[in-house]
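Please keep the sequence and the model in view while reading.

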Amino acid sequence: MQIHPCGPLCGAITVPGDKSISHRAVMLGALANGTTHISGFLMGEDCLSTIDCFRKMGVQIERTETEVIVHGVGLHGLSAPEETLYTGNSGTTTRLLCGILAGQSFASVMNGDASIQKRPMGRVIKPLREMGASIEGKSDNYCPLRIYPSELCGIEYRLPVASAQLKSAILLAGLYAEGQTTIIEPAPSRDHTERMFRALGVEIETHGNVITLDPPEDLHAVDITVPADISSAAFFLVAGAIVPGSELTIKNVGVNPTRTGILDVLRSMGADIAEEHFCDHAEPICDLTVRHSALHGIEIGGSIIPRLIDELPVIAVAAAFAEGETVIRDAQELKVKESNRISAMVAELTKAGVDIEETDDGMIIRGGRRPRGATFDTYQDHRIAMSLAVLALAAEGASRITAPEVVAISYPDFFDTLQQLGG
């Protein structure tokens, strides 16, 4: 796909539903008593993998043009799958399902695509085994995973890293455990699981960085509205900030405080971002309007990293257009995403003439010079592909994106939306 520099991006858009919330809505809807209607569901490949896995375990799930309907089978109503549960490219599906499958009365096998087979699962396996789970994996760390029936007990577990996937896997296993499950986070990570638990009637308390779950007798189905995904909105926030003359609005974006690190960072860099029409139900939502502005470099690290880990590739693009030096540190998690996103972004931004340096836990970007167009690789990583497309909008000269279809993992209509805005 070839992308040329564009004029101002203008208009109002709605980006797809939040991927994290979409996954959890299907999972908990399947385990609830009753029918769950999910509006705003992300029809991306990752979330469709979650639907497929639960269908293989006997859950009836319907898709219409406006919603996903999950006919819950109850906490103990899943059936043994007759084939491998295939999770595709979805790390969220794989890791969270580990927690659910650990508490079942049947054995199961779970596997994903080539990327998933390289992503470490050991940090999820370890606490689940402490709870009594019986899990085997390749080299004790990778898919395929074999999970056998076992009796679980609640534990107190201190997370080695702030990870919503790890936290959620333990909490989901805690639904089936005898006694309380307590998790201590080193820093707050996205709390969509805890919020959805409460909506479905689960007793779960959060005090600072300590989360305590009492296992419920059952879950009660509720209808769920999925807000627009701030991780998808991030690409347009950066595009609006770096393309001269731009002013665009992204509607109904989820602004859960555990996810808004991208807003804090862009504003610290000088971005003009306004919030309007705020409302707060199960998840806080508002419209975001971004206008082109001059950006400057900052240092990004510490407790804010879990609040923007998925947005760091496109933040690196913003830094390439900013005056001065931007330092991203404490971001080792980027190495174990769909690709090594540190190495990938350093390699591709270097092609664009950006002064960028890879570090053990992040990167140093020295901006101030307009990047040039280039032929960019996507590493079969949707966020890398979309980040480089944003760079191409404001680069000097045309760019080419290889394997652009990978964006379908989280944002199938991404390039159509860019064209709608004038990109």
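Helices (H or I, at least four residues) and strands (E, at least two) are DSSP runs, numbered from the N terminus. On that basis, N141 is placed in the loop between β8 and β9 (142-148). The model is a predicted one: local features need pLDDT of at least 70, side-chain atom pairs count only at pLDDT 80 or more, and totals for chains, interfaces and linings use all residues. Residues are numbered from 1 along each chain as its sequence is written, and side-chain values use heavy atoms, with hydrogens and water left out.

**The four-stranded sheet**

- Strands are taken to pair if DSSP finds at least two bridges between them.
- An open sheet is formed by four strands in the order β6-β7-β9-β8, with mixed pairing.
- Its edge strands, each pairing on one side only, are β6 (85-86) and β8 (134-138).
- Strand β7 (residues 108-111) runs parallel to β6, and two bridges join them; Y86 has N111 in β7 as its bridge partner.

**The hairpin and its loop**

- The hairpin of β8 and β9 has three residues between the strands, and S139 takes a positive phi near 55° there.
- Is N141, in the loop between these strands, buried or exposed? N141 has a relative accessible area of 18% and is therefore buried (buried means under 20% relative accessible area, exposed over 50%, and partly exposed in between, with a 1.4 Å probe and protein chains only).
- Contact means heavy atoms within 4.5 Å. Apart from neighbours within four places in sequence, N141 is in contact with R119, P120, M121 and G122.

**The three-stranded sheet**

- Another open sheet has three strands in the order β1-β23-β22, and its pairing is mixed.
- β1 (2-3) and β22 (375-376) are the edge strands of this sheet, each pairing on one side only.
- β22 runs parallel to strand β23 (residues 399-401), to which two bridges join it; T375 stands opposite R400 in β23.

- Two packed helices are described by the angle between their axes and the distance between the axes.
- Axes are lines fitted to C-alpha atoms, for helices over the stretch in contact, and angles run from 0 to 180 degrees between N-to-C directions.
- Helix α1 (residues 19-31) packs with helix α2 (residues 45-55) at an angle of about 10°, and their axes are 9 Å apart.
- α1 is therefore roughly parallel to α2 (angles under 35 degrees count as roughly parallel, over 145 as roughly antiparallel, 65 to 115 as roughly perpendicular and the rest as oblique).
- K19, S22, H23, V26, M27 and A30 in α1 meet D46, C47, T50, I51 and F54 in α2.
- This contact of α1 with α2 divides into six nonpolar, three polar and two charged residues (Ala, Val, Leu, Ile, Met, Phe, Trp, Tyr, Cys and Pro count as nonpolar, Asp, Glu, Lys and Arg as charged, and the others, Gly among them, as polar).

**Helices α9 and α10**

- The axes of helix α9 (residues 312-321) and helix α10 (residues 341-351) come within 10 Å and cross at roughly 30°, so α9 and α10 are roughly parallel to each other.
- On the α9 side P313, A316 and V317 take part, and they meet R341, M345 and L349 in α10.
- By class, the contact of α9 with α10 has five nonpolar, no polar and one charged residues.

**M345 within α10**

- M345 lies in helix α10 and is buried, with a relative accessible area of 0%.
- Not counting residues up to four places away in sequence, M345 touches P313, A316, V317, I356, M363, I384, S387 and L388.
- C6 and M345 are 339 residues apart in sequence, and their C-alpha atoms are 22 Å apart in space.

**The loop holding G245**

- G245 is found in the loop between α7 (230-242) and β15 (247-254).
- Which residues does G245 touch, not counting residues up to four places away in sequence? They are P8, C10 and H292.
- G245 and R291 are 46 residues apart along the chain, and 7.5 Å separates their C-alpha atoms.
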